[in-house]
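Got the viewer open and a selection box ready? Load the model below and follow along, one selection at a time.

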Amino acid sequence: MTEKPSVTLPGTVEKIIKPAQPDQPEKAQIAVEGADDLYREIRIENSLIAGNVDEVRLKKGAEVDVTVEVDPETKNIVGK
């Protein structure tokens with residue numbers, strides 16, 4: 001299997017956002033280093049799976065890695 005082209009950038013959890021409705025998930029806002037100023041924050045559901053069963057939640061100030069992968073079959077890859 002061909003490895004997917006990717007980039008990994010460091011990030012920091014800036015804040016934890018409580019849901020407005022009880023049926024909505026909690027979110028973690030992450031500041032991604034190296035991203036443009038207007039686009040450096042992303043929000044993800046604050047529920048990660050460790051191994052096969054353990055649920056983990058991020059805390060404010062946690063250092064994380066943000067990885068973006070692209071399918072090598074994508075026609076927009078430079079040089080293809």
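What follows is a tour from the whole chain down to single side chains.

**Before you click**

This is a predicted model, in which local features need pLDDT of at least 70, side-chain atom pairs count only at pLDDT 80 or more, and totals for chains, interfaces and linings use all residues. Residues are numbered from 1 along each chain as its sequence is written, and side-chain values use heavy atoms, with hydrogens and water left out.

**Stop 1: colour by confidence**

Start with pLDDT, the predictor's confidence in each residue, from 0 to 100. The protein averages 89, and 90% of the residues score at least 70.

**Stop 2: switch to cartoon**

You'll find 0 helices and 6 strands; helices (H or I, at least four residues) and strands (E, at least two) are DSSP runs, numbered from the N terminus. Along the sequence the pattern reads β-β-β-β-β-β. The radius of gyration is 15 Å, well over the 12 Å that the globule rule gives for 80 residues, so the protein is more spread out than a compact globule. (That radius is taken over C-alpha atoms, and the rule is 2.2 Å times the number of residues to the power 0.38.) Draw a box along the principal axes and the C-alpha atoms fill roughly 45 × 35 × 25 Å.

Colour by accessibility next: 15% of the 80 residues count as buried. Here buried means under 20% relative accessible area, exposed over 50%, and partly exposed in between (1.4 Å probe, protein chains only). Contacts (heavy atoms within 4.5 Å) are worth a look too: of those with a separation of 6 or more, 45% are between residues 24 or more positions apart.

**Stop 3: select the sheet**

What is the strand order? Look for an open sheet of 4 strands, S3-S2-S1-S6, with antiparallel pairing. Strands S3 (41-45) and S6 (63-69) stand at the edges with a single partner strand each, so one side of each is left without a neighbour in the sheet. From one strand to the next, the twist averages 40°; axes are lines fitted to C-alpha atoms, for helices over the stretch in contact, and angles run from 0 to 180 degrees between N-to-C directions.

Two strands pair if DSSP finds at least two bridges between them. S1 and S6 run antiparallel and are joined by 7 bridges. Zoom in on Gly11, which stands opposite Val64 in S6, then on Leu9, whose bridge partner in S6 is Val66. On to S1 and S2, which pair in the antiparallel sense over 6 bridges; there, Lys15 faces Gln29 in S2.

**Stop 4: Gln29**

Stay on Gln29, in strand S2. Buried or exposed? Gln29 counts as buried, at 8% relative accessibility. Show its side chain and that of Glu14: a polar contact of 2.7 Å joins them. (A polar contact is a pair of N or O atoms within 3.5 Å; within protein, one must be able to donate a hydrogen and the other to accept it, and residues adjacent in sequence count only if both atoms are side-chain atoms.) Beyond four places in sequence, Gln29 is in contact with residues including Val13, Ile17, Glu41 and Arg43.

**Stop 5: Glu26**

Select Glu26, in the loop between strand S1 (6-17) and S2. Glu26 is buried as well, with a relative accessible area of 16%. Its side chain makes polar contacts with the side chains of Lys18, at 2.9 Å, and Asn46, at 2.8 Å. Not counting residues up to four places away in sequence, Glu26 touches Ile44 and Arg57, among others.

**Stop 6**

Val32, in strand S2, is buried at 7% relative accessible area. Beyond its neighbours within four places in sequence, its contacts include Leu9, Gly11, Ile42 and Val66.

Finish at Ile16 in strand S1, which is partly exposed at 27%. Leaving aside neighbours within four places in sequence, Ile16 is in contact with Ala28 and Leu58, among others.
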